[in-house]
Amino acid sequence: MIIQKGVLDSFAALVEEETGNLSDGGLKTGVDLGTANIVLAVVNGDNEPVAGATFPSSVVKDGIVVDYMGAIRIVRNLKAKVEAVIGRELTEASCAIPPGVESGSVKAISNVVEGAGFDVVNIVDEPTAAASVLGITDGAVVDVGGGTTGISILKDGKVIYTADEPTGGTHMTLVIAGYYGVSIEEAEAMKKDPAREADIFPIVKPVIQKMASIVKRFLTGYEVPAVYVVGGACSFREFTDVFEKELGIQTIKSNQPLLVTPLGIAMNSVRNEENIQKYRGRM
Ligand SMILES: Nc1ncnc2c1ncn2[C@@H]1O[C@H](COP(=O)(O)OP(=O)(O)OP(=O)(O)O)[C@@H](O)[C@H]1O
Ligand SMILES: [Mg+2]
């Protein structure tokens, strides 16, 4: 099942057209340092998208910053690009941590955002960010990104359980590359080409089934009314059908799955010292 969120389509249009929805009041900025993509999102005080930019990443691996200077450079460039679009300076931002990340890595993530010239006002957990955009308080959020799949269970708006698995879109690409005997780059392009989906999907389906069976193990023993999938690797049309069949739980995806977490980080970019202390491991 797909839910359409207008706010995600507006944000996607701003990113794609490199335009801004100009605003006078306070702005909230979110930075998502992903394994595959780094995304900067800006919303206004009413959580309406203002502007955004994205850049393909190879500087973060599964929540660990592997190229610190490279990561800072990318975030700095994204910041400058968005500032030019909206004609305003961005001074504060929030970042997010994927489920299961160690406190040392969290520090590195927030240091990158600081190194790019932001004052870090909040460190959000990714499932909470996604839940804000989807407007949910109960259920499991499964974020199928490039390198990792994060599994989180929310109850009454609080994250009560998280886990992560080193599987994601990269594994799908590897399977396609092996099947066709092509390079990773070619396989990646084939995977994202909607015109080839009918040929590609049967090849990646076993990877999705495996992901779903892992998710099922984690969810055992919890009361989960629905599973919400986000992240780029759930883009396939039939992704939710495979999950639903394996899990026996209604599985819901939104439009623009790549942008859910980044937009949610921006929406949660309100000063929160408690989170900063907690996630940086100083408590
Ligand atoms: N149209 C598409 N069809 C299939 N896969 C896609 C599509 N678009 C993007 N992807 C895949 O989604 C993944 C990137 O998703 P996303 O941006 O959510 O990951 P990330 O946040 O950078 O990574 P992580 O959360 O693992 O750190 C990549 O593996 C990419 O190939
Ligand atoms: Mg991600």
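User: How far is an oxygen atom of ligand 1 from a polar backbone atom of A36?
Analyst: That distance is 2.7 Å. Keep in mind that this is a predicted model.
User: OK, and which distance goes with the backbone of N37?
Analyst: There, a backbone N or O atom lies 2.8 Å from a ligand 1 oxygen. A233 also has a polar backbone atom 3.2 Å from an oxygen atom of ligand 1.
User: How much of ligand 1's accessible area does the protein cover?
Analyst: On its own ligand 1 has 660 Å² of accessible area, and the protein covers 88% of that.
User: And which pocket does ligand 1 sit in?
Analyst: The largest pocket. Two elements, α5 (169-180) and α6 (184-192), each give two or more residues to the shell around ligand 1.
User: Which one gives the most?
Analyst: That's α6, with three residues.
User: Which residues come nearest to ligand 1?
Analyst: Out of 19 residues around ligand 1, the nearest are T35, A36, N37, E188 and K191.
User: What's the shell like by class?
Analyst: It has 12 polar residues, four nonpolar and three charged.
User: Switching topic, which domains does the shell draw on?
Analyst: Domain 1 (2-131 + 259-279) and domain 2 (135-254) each supply at least three residues to the shell around ligand 1.

Definitions and conventions:
Residues are numbered from 1 along each chain as its sequence is written. Chains are lettered from A and ligands numbered from 1 in the order in which they are written. This is a predicted model: local features need pLDDT of at least 70, side-chain atom pairs count only at pLDDT 80 or more; totals for chains, interfaces and linings use all residues. Side-chain values use heavy atoms; hydrogens and water are left out. A residue is near a molecule or strand if one of its heavy atoms lies within 4 Å of it. A polar contact is a pair of N or O atoms within 3.5 Å; within protein, one must be able to donate a hydrogen and the other to accept it, and residues adjacent in sequence count only if both atoms are side-chain atoms. Accessible areas come from the Shrake-Rupley method with a 1.4 Å probe; for residues, only the protein chains shown count as cover. On a 1 Å grid over the protein atoms alone, a cavity is a set of points where a 1.4 Å probe fits but cannot get out, and a pocket is an open set with protein on both sides within 12 Å along at least five of seven lines; lining residues have an atom within 4 Å of a point. A molecule sits in a cavity or pocket if more than half of its atoms lie within 2 Å of its grid points. Helices (H or I, at least four residues) and strands (E, at least two) are DSSP runs, numbered from the N terminus. Ala, Val, Leu, Ile, Met, Phe, Trp, Tyr, Cys and Pro count as nonpolar, Asp, Glu, Lys and Arg as charged, and the others, Gly among them, as polar. Domain bounds come from an automatic or database domain assignment.
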